[in-house]
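Here are some notes on how the chains of this assembly are arranged. Please read them with the structure open beside you.

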Protein chains: 8
Amino acid sequence: GFARVDTAREARQGVAECVYAPGKRTGHITAIVAELLDRSDGPVLVTRVEAEPARTVLAAHPGGSHDPAARLLAWRPAPPDGFRLAILTAGTADEPVAAEAAAVARAVGLEVTLFRDVGVAGLHRLLDCAEEVAAHDAVVVVAGMEGALASVVGGLVACPVVAVPVSTGYGAGLDGVTALLAMLSSCAAGLTVVNIDSGFGAAMAAHRLAMAVRSRRGPG
Amino acid sequence: GFARVDTAREARQGVAECVYAPGKRTGHITAIVAELLDRSDGPVLVTRVEAEPARTVLAAHPGGSHDPAARLLAWRPAPPDGFRLAILTAGTADEPVAAEAAAVARAVGLEVTLFRDVGVAGLHRLLDCAEEVAAHDAVVVVAGMEGALASVVGGLVACPVVAVPVSTGYGAGLDGVTALLAMLSSCAAGLTVVNIDSGFGAAMAAHRLAMAVRSRRGPG
Amino acid sequence: GFARVDTAREARQGVAECVYAPGKRTGHITAIVAELLDRSDGPVLVTRVEAEPARTVLAAHPGGSHDPAARLLAWRPAPPDGFRLAILTAGTADEPVAAEAAAVARAVGLEVTLFRDVGVAGLHRLLDCAEEVAAHDAVVVVAGMEGALASVVGGLVACPVVAVPVSTGYGAGLDGVTALLAMLSSCAAGLTVVNIDSGFGAAMAAHRLAMAVRSRRGPG
Amino acid sequence: GFARVDTAREARQGVAECVYAPGKRTGHITAIVAELLDRSDGPVLVTRVEAEPARTVLAAHPGGSHDPAARLLAWRPAPPDGFRLAILTAGTADEPVAAEAAAVARAVGLEVTLFRDVGVAGLHRLLDCAEEVAAHDAVVVVAGMEGALASVVGGLVACPVVAVPVSTGYGAGLDGVTALLAMLSSCAAGLTVVNIDSGFGAAMAAHRLAMAVRSRRGPG
Amino acid sequence: GFARVDTAREARQGVAECVYAPGKRTGHITAIVAELLDRSDGPVLVTRVEAEPARTVLAAHPGGSHDPAARLLAWRPAPPDGFRLAILTAGTADEPVAAEAAAVARAVGLEVTLFRDVGVAGLHRLLDCAEEVAAHDAVVVVAGMEGALASVVGGLVACPVVAVPVSTGYGAGLDGVTALLAMLSSCAAGLTVVNIDSGFGAAMAAHRLAMAVRSRRGPG
Amino acid sequence: GFARVDTAREARQGVAECVYAPGKRTGHITAIVAELLDRSDGPVLVTRVEAEPARTVLAAHPGGSHDPAARLLAWRPAPPDGFRLAILTAGTADEPVAAEAAAVARAVGLEVTLFRDVGVAGLHRLLDCAEEVAAHDAVVVVAGMEGALASVVGGLVACPVVAVPVSTGYGAGLDGVTALLAMLSSCAAGLTVVNIDSGFGAAMAAHRLAMAVRSRRGPG
Amino acid sequence: GFARVDTAREARQGVAECVYAPGKRTGHITAIVAELLDRSDGPVLVTRVEAEPARTVLAAHPGGSHDPAARLLAWRPAPPDGFRLAILTAGTADEPVAAEAAAVARAVGLEVTLFRDVGVAGLHRLLDCAEEVAAHDAVVVVAGMEGALASVVGGLVACPVVAVPVSTGYGAGLDGVTALLAMLSSCAAGLTVVNIDSGFGAAMAAHRLAMAVRSRRGPG
Amino acid sequence: GFARVDTAREARQGVAECVYAPGKRTGHITAIVAELLDRSDGPVLVTRVEAEPARTVLAAHPGGSHDPAARLLAWRPAPPDGFRLAILTAGTADEPVAAEAAAVARAVGLEVTLFRDVGVAGLHRLLDCAEEVAAHDAVVVVAGMEGALASVVGGLVACPVVAVPVSTGYGAGLDGVTALLAMLSSCAAGLTVVNIDSGFGAAMAAHRLAMAVRSRRGPG
Ligand SMILES: Nc1ncnc2c1ncn2[C@@H]1O[C@H](COP(=O)(O)O)[C@@H](O)[C@H]1O
Ligand SMILES: Nc1ncnc2c1ncn2[C@@H]1O[C@H](COP(=O)(O)O)[C@@H](O)[C@H]1O
Ligand SMILES: Nc1ncnc2c1ncn2[C@@H]1O[C@H](COP(=O)(O)O)[C@@H](O)[C@H]1O
Ligand SMILES: Nc1ncnc2c1ncn2[C@@H]1O[C@H](COP(=O)(O)O)[C@@H](O)[C@H]1O
Ligand SMILES: [Mg+2]
Ligand SMILES: [Mg+2]
Ligand SMILES: [Mg+2]
Ligand SMILES: [Mg+2]
Ligand SMILES: [Mg+2]
Ligand SMILES: [Mg+2]
Ligand SMILES: [Mg+2]
Ligand SMILES: [Mg+2]
């Protein structure tokens with residue numbers, strides 16, 4: 001076969017392998033989803049999938065849903081398990097990445113609150129909601145340009161902060177590389193960083209946190 | 001004064017501002033430590049400090065200790081709080097960075113187990129301890145060259161994985177930039193990454209995780 | 001003329017000059033193929049050629065074949081000569097590059113087995129076939145993102161390993177540069193690397209190996 | 001001669017050519033200073049000059065002074081002309097660059113106030129002095145690592161902000177290139193940026209501002 | 001809501017938040033403009049907006065104007081306040097960036113004179129107008145390729161010079177990065193630089209200068 | 001222990017793990033060599049080791065030898081097995097890297113001929129020995145600056161060619177990165193490349209070739 | 001006006017300013033050409049102009065010609081003046097750049113011979129014509145990928161060699177940057193280099209050579 | 001032997017192979033010089049050689065001379081042949097590179113005039129000598145930082161201009177890479193560029209020009 005789906009991943013890591021759509025033919029996506037639905041029990045996700053192929057795959061496997069802003073196909077989303085994730089954006093240009101992070105996080109059972117457009121050029125916007133943000137179990141900061149929001153948030157909250165650099169902007173922004181390097185060099189201790197534009201990566205990092213918290217809390 | 005120490009950070013984030021020694025005069029370090037010891041209650045840390053200045057600062061502030069491999073000065077380490085952190089290295093060249101991560105993590109109250117020299121060129125070394133690693137609350141992977149260990153570990157364990165790229169190596173390793181980019185591009189979902197050689201950053205990220213777990217566990 | 005085809009290359013190196021299609025007019029490709037078919041005896045290859053021009057060139061020179069996944073036009077493929085080449089991919093995104101490697105390798109007389117979608121995020125997939133892979137004369141590893149598969153394979157097999165970085169992925173993957181640098185920095189000794197996306201280069205490197213083996217084996 | 005000193009620059013731009021010491025022999029510096037003192041009326045400056053050569057040059061041309069933290073030699077400093085410049089640093093590592101900016105600015109007649117160690121990881125430090133900063137005619141922000149302080153200050157004050165990236169830090173900080181790119185990509189509109197570690201450049205930019213203000217204010 | 005418009009910015013910095021159009025849906029731009037017109041008194045600007053969406057937004061909010069060369073939408077431009085800004089271009093390829101700088105500058109109340117096509121390959125063109133340029137309060141230099149015009153102008157005038165690197169050109173021009181680095185490394189003291197192609201950034205930097213001059217001049 | 005030596009590697013790959021000396025304490029090297037000598041049967045190698053530590057380790061483990069030009073420590077070199085390797089250098093600056101390649105290759109049983117200083121600026125030097133070179137089983141090309149020798153050799157011989165970029169040179173040579181990129185982009189089909197300055201990597205790649213040839217030749 | 005054409009350049013440098021078409025409106029090109037034809041006597045050139053706008057401009061200014069391969073519009077080409085320029089290409093992908101170099105060179109009065117497709121992978125092709133090439137007054141080498149042809153030619157001929165890196169290729173070729181760096185690092189002494197893909201630049205450099213030769217030869 | 005000296009180069013190119021000293025043992029340099037003096041008739045040069053080894057080599061081969069500023073050893077300099085080369089520097093930091101260019105140029109028979117410290121920040125210095133510069137057969141421009149001098153000179157003179165980027169400066173100057181890229185992107189048509197700090201390369205390029213002129217002039 002053209003793919004060797006890692007269905008054992010669900011047992012190992014709580015979620016089966018997620019399908020990355022770009023470059024895959026729609027027929028292949030449909031077949032992989034079939035196998036995943038068949039051989040796992042939890043959420044099945046396809047990321048970065050556009051409306052057109054999404055429709056075709058959904059027709060073959062009813063019961064799923066497509067979030068066009070997040071470009072996510074999801075079947076059998078996990079029930080919310082009490083882990084509260086705050087997702088912040090610096091500006092409206094960060095929306096698509098935040099949408100992916102939010103949709104993936106919800107599909108794997110996290111409870112998400114979005115704090116949008118709180119970039120540091122108008123600092124009061126962040127200060128107004130800082131306490132509310134700090135009350136979450138973890139924070140994802142989505143920011144392009146110079147990514148300064150991550151440092152400021154990292155200095156305000158005590159919980160884990162995952163920074164997602166965004167590729168929007170121009171010139172010296174270098175398609176997100178500047179935000180990436182800036183977040184990695186942050187003066188706020190204990191920030192961690194995922195790949196440029198990877199709302200998916202941030203959500204999966206948060207899911208690992210949620211599993212750690214959960215396993216400590218006991219059966220509940 | 002030459003410095004405006006952020007002593008409020010302890011209240012906000014569980015640990016007061018840590019001092020980064022490079023570029024600071026020994027007298028300044030001594031003065032900042034005085035202020036930190038005076039105006040906070042928990043651990044006081046100075047990172048990347050060599051033996052010579054360490055001796056001087058310790059003479060002024062007895063009761064602390066210097067770990068030369070980790071280049072860390074620490075006073076009033078936090079008592080262990082049950083959070084189990086595994087730190088893995090790919091090879092012996094990664095030792096200094098792992099030493100910093102371990103020393104900082106222990107100083108802020110985490111319980112650390114080291115798994116050394118388990119690089120993927122001899123995979124059985126990792127597979128032999130994989131189960132033991134997976135039983136921890138979080139994993140820090142310290143690796144230079146191509147950093148492949150992070151991806152392999154990320155695929156084997158369910159808990160949070162923080163990857164630390166290391167600057168050793170030569171040529172195409174680009175002083176750690178290659179490992180950094182590789183870890184950010186990992187095919188293992190949900191890895192997060194800190195700055196090159198930043199054992200400190202990884203430990204502080206783990207500390208944020210521990211606080212999140214702790215706050216969920218209740219007063220306990 | 002617009003081209004000075006190196007037909008002497010067949011005598012020198014076992015295969016005549018291969019034509020790189022991008023940027024060439026279809027009429028020029030047809031003329032170069034004519035010259036190559038006329039003045040050499042072995043395989044004649046055109047790489048990276050799309051369906052449309054392929055059809056036109058094939059019409060002018062019947063007897064060849066076009067592999068659309070590999071984007072390869074080939075006439076007079078060499079008969080299989082017993083050299084067993086394993087081609088591995090990390091994920092389905094690596095398929096087109098692996099297809100080029102396989103098609104070129106077969107056209108110059110190698111025997112190819114494909115091991116697909118055995119990336120390290122689900123390590124058991126690779127371990128399940130490791131022994132089978134190790135039984136080949138040489139291995140080509142095709143992988144994008146962080147390219148960790150090359151290091152792991154390099155540690156498992158004793159034979160020559162040629163790593164091909166792939167340009168798929170996004171952000172920190174830097175269009176294959178990260179995989180390239182990672183493969184060059186591999187902790188597995190004796191890996192060699194070809195250009196990004198160059199299935200052609202890997203196959204030709206394997207062909208050089210096969211010629212070395214063959215010349216040693218004697219006429220038999 | 002070995003140099004063609006641009007003494008006409010004083011008439012054109014208010015300050016004669018400043019001497020950049022690195023790579024120049026002490027004897028040459030002494031000779032150039034002689035010419036500048038002789039053929040201009042205002043401040044004469046030598047930048048980046050260490051204690052040893054400074055002593056020699058001062059011996060030949062008494063009446064000047066050497067600021068070792070700023071590595072600046074100055075003769076005939078301009079009298080203060082009422083332009084109030086605020087210089088902010090993110091941390092103590094930025095001190096040498098801020099010292100150069102302050103010393104050059106004072107030598108050309110600006111009135112400087114330093115706000116040190118107000119990095120965004122402990123935001124309250126900046127907020128505590130924001131109003132005081134905003135009352136100046138211009139602000140220079142000196143910051144390394146990710147340089148986020150520049151964006152935050154840019155959002156808080158209305159006056160011109162000149163950002164100076166600093167080369168301290170390690171790894172992803174890329175010797176100041178990350179701070180440089182981040183400052184250029186800032187979400188705060190109307191920031192301008194000078195070269196890495198160029199306290200001199202920032203002070204001279206402020207001097208141009210002061211001249212513009214002065215020429216508008218009239219003879220005074 | 002999808003956006004948290006920083007209307008307080010007008011009080012803080014003299015101009016309300018400007019809208020960056022790329023990536024925003026036309027409906028969102030219309031809504032943000034509504035809020036800005038409603039909650040501020042001065043100029044309202046949308047940058048980098050193409051003819052098509054501009055028409056739609058203007059229909060909803062009559063009284064504004066669209067400058068297609070500058071790609072700027074503006075309502076309630078500020079009255080001219082006597083600050084004279086010279087904008088120079090090296091060649092005709094720099095026109096669009098200069099157009100944005102000029103349109104934004106005029107919208108916020110500056111008086112703009114354009115000096116076009118005065119690149120250093122034909123130096124007499126610049127020398128012919130140098131005196132006229134030097135009589136302005138500030139100069140913006142817009143130049144691509146190697147950006148040498150900024151250095152030459154920086155050596156000829158005493159007032160503030162803001163350099164804008166332009167992304168046109170090819171090869172070693174690296175999409176404006178070469179001009180950017182060259183301007184930052186300029187031998188002319190006190191130049192400052194904004195992001196590649198950021199006519200907007202240069203105009204806003206000039207606006208900060210104008211405010212500094214204005215606040216010094218007194219009420220008028 | 002501080003190290004987990006991969007002694008199983010001998011069984012898997014024909015040579016036990018080789019020790020990379022930089023960053024390791026001499027005592028650790030001595031201990032690792034002890035373990036390798038004890039638990040394997042074939043060659044034991046330490047690379048990049050300077051004269052001083054080499055002496056100490058040899059004193060503890062007599063019977064080995066140190067090649068100072070190659071910076072290699074070797075015990076129990078393998079007997080020559082008939083595989084003929086040609087190593088070419090472009091100039092005398094490439095000597096140290098070629099020395100490492102030659103010493104490692106001989107230690108693992110290959111027969112090495114060196115062709116020195118045959119760079120393409122004086123092409124006749126290469127043409128004079130081209131036939132002799134082509135008679136080998138494999139060729140290693142060691143070249144810095146622009147690395148053109150690899151392409152020319154790749155076009156002249158039919159056997160496997162491993163290119164080693166060298167870090168000598170200055171400016172645009174970018175410490176070997178230019179030669180590396182040039183070799184990867186070579187117009188000669190089927191070249192493979194190892195890391196900058198990695199004489200070791202080239203020798204180990206040749207060893208993999210030798211094993212492939214050997215396994216095909218049969219026991220005899 | 002939108003342009004300040006440097007018509008004085010003809011007196012200064014032998015050829016009036018050449019027009020770079022990309023980014024210019026066709027109407028503007030027509031107007032600039034009008035001015036150049038009117039105010040100079042020699043060749044008038046427009047580079048990088050596509051068929052469509054070329055037709056329009058030619059209609060307005062008859063008597064010129066458009067070379068579509070070179071994308072050059074030329075009026076009043078200079079008569080051949082005896083300077084013999086050899087232009088070499090490594091492969092057929094270098095044709096468009098060589099075409100621009102040839103067309104511009106001929107338009108300014110040089111005598112051009114093309115040697116095509118003589119890349120070093122089939123060295124005999126170059127050796128066969130080396131003597132003929134060496135008989136020219138200057139050589140332009142056009143090569144992409146690793147650009148090795150420039151070094152080999154530089155070692156074979158005594159006259160000036162101008163190397164033009166070409167952006168074709170993929171992956172490690174980095175859009176011509178690799179060839180550029182390689183040519184600058186060449187082991188052949190006295191090569192000079194122009195921008196990537198700049199056939200225009202190479203031809204103009206050759207024109208400067210021709211003028212130097214001519215001025216020395218006397219009116220003759 | 002350790003070297004294969006290209007003595008045939010004198011016949012081919014007018015000057016025998018020049019020795020690049022860095023990385024070579026003094027004894028080897030002595031031996032190579034012996035061979036060159038013995039087997040050629042013209043100038044013998046060793047570049048980048050420090051005072052200490054220079055003394056030793058000169059002792060073995062009397063009759064040569066060492067220029068410490070140029071770091072050049074030369075025997076049998078060619079007699080001046082009437083080719084007038086102007087070498088310009090932007091500032092005193094460019095002196096060492098200009099010294100190498102001048103010394104090599106004189107050793108191969110060119111007549112050199114130096115124009116020092118004529119950088120564009122004080123343009124009148126260049127304009128004062130522009131006519132004198134333009135009267136030469138060729139110009140070498142040596143400049144660091146942003147390298148703008150090359151563009152300005154390129155626009156003022158008609159003869160060949162070779163630009164040499166210099167590695168002095170800091171930050172965004174990127175060790176000469178910025179000047180290199182800027183010179184390659186120059187708006188002045190027909191500039192050519194050599195490697196960073198390569199005074200040698202510029203002189204050898206000028207020598208090729210001189211040979212072209214000479215061969216045209218006839219026997220003289
Ligand atoms: N052309 C532009 N270039 C850079 N920044 C801009 C531009 N136009 C608006 N901005 C800034 O972008 C921010 C708005 O971002 P957003 O929330 O995505 O609309 C504001 O802080 C503006 O100052
Ligand atoms: N949006 C995404 N970004 C990065 N990795 C992803 C994304 N979606 C899925 N993946 C990962 O990609 C791998 C699947 O690759 P493939 O075999 O090509 O489908 C899995 O290991 C997923 O964890
Ligand atoms: N193909 C080309 N590549 C680089 N520069 C060119 C080219 N064609 C014309 N030029 C230069 O571009 C400048 C004209 O720019 P512009 O004012 O934008 O027309 C002149 O200085 C020409 O020497
Ligand atoms: N897919 C490919 N990737 C890299 N090189 C190739 C490829 N196909 C053909 N070549 C090489 O490209 C050269 C032909 O270039 P050209 O003269 O432009 O056709 C030959 O030396 C081939 O070995
Ligand atoms: Mg916003
Ligand atoms: Mg090890
Ligand atoms: Mg897969
Ligand atoms: Mg601080
Ligand atoms: Mg122009
Ligand atoms: Mg040599
Ligand atoms: Mg060809
Ligand atoms: Mg000077």
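**Notes on chain B and its neighbours**

1. The count of salt bridges between chain B and chain A is 0. This comes from a predicted model. The rule does find 16 residue pairs in polar contact across that interface, both residues of each pair having pLDDT 80 or more.

2. Which elements of chain B supply two or more residues to the side that touches chain A? They are helices H1 (9–13), H6 (148–156), H7 (177–184) and H8 (199–217), together with strands E8 (161–165) and E9 (192–193) of chain B. H8(B) gives the largest share of this side, 11 residues. Sorted by class, the side of chain B that touches chain A holds 21 nonpolar, 9 polar and 6 charged residues.

3. Chain B puts 36 residues into the contact, and chain A puts in 36 residues. The two chains bury about 3,100 Å² between them, with 53% of that area on carbon and sulfur atoms. Leu184(B), Arg208(B) and Arg216(B) provide 26% of the area that chain B buries against chain A, more than any other three residues.

4. Some pairs of chains do not touch. Chain B and chain G share no contact, and their closest C-alpha atoms are 13 Å apart. Chain D and chain G do not touch either, with their nearest C-alpha atoms 21 Å apart.

Technical notes:
Residues are numbered from 1 along each chain as its sequence is written. Chains are lettered from A and ligands numbered from 1 in the order in which they are written. This is a predicted model: local features need pLDDT of at least 70, side-chain atom pairs count only at pLDDT 80 or more; totals for chains, interfaces and linings use all residues. Side-chain values use heavy atoms; hydrogens and water are left out. Contact means heavy atoms within 4.5 Å. Buried area is the accessible area (1.4 Å probe) that two parts lose on being put together, summed over both. A salt bridge is a side-chain nitrogen of Lys or Arg within 4 Å of a carboxyl oxygen of Asp or Glu. A polar contact is a pair of N or O atoms within 3.5 Å; within protein, one must be able to donate a hydrogen and the other to accept it, and residues adjacent in sequence count only if both atoms are side-chain atoms. Helices (H or I, at least four residues) and strands (E, at least two) are DSSP runs, numbered from the N terminus. Ala, Val, Leu, Ile, Met, Phe, Trp, Tyr, Cys and Pro count as nonpolar, Asp, Glu, Lys and Arg as charged, and the others, Gly among them, as polar.
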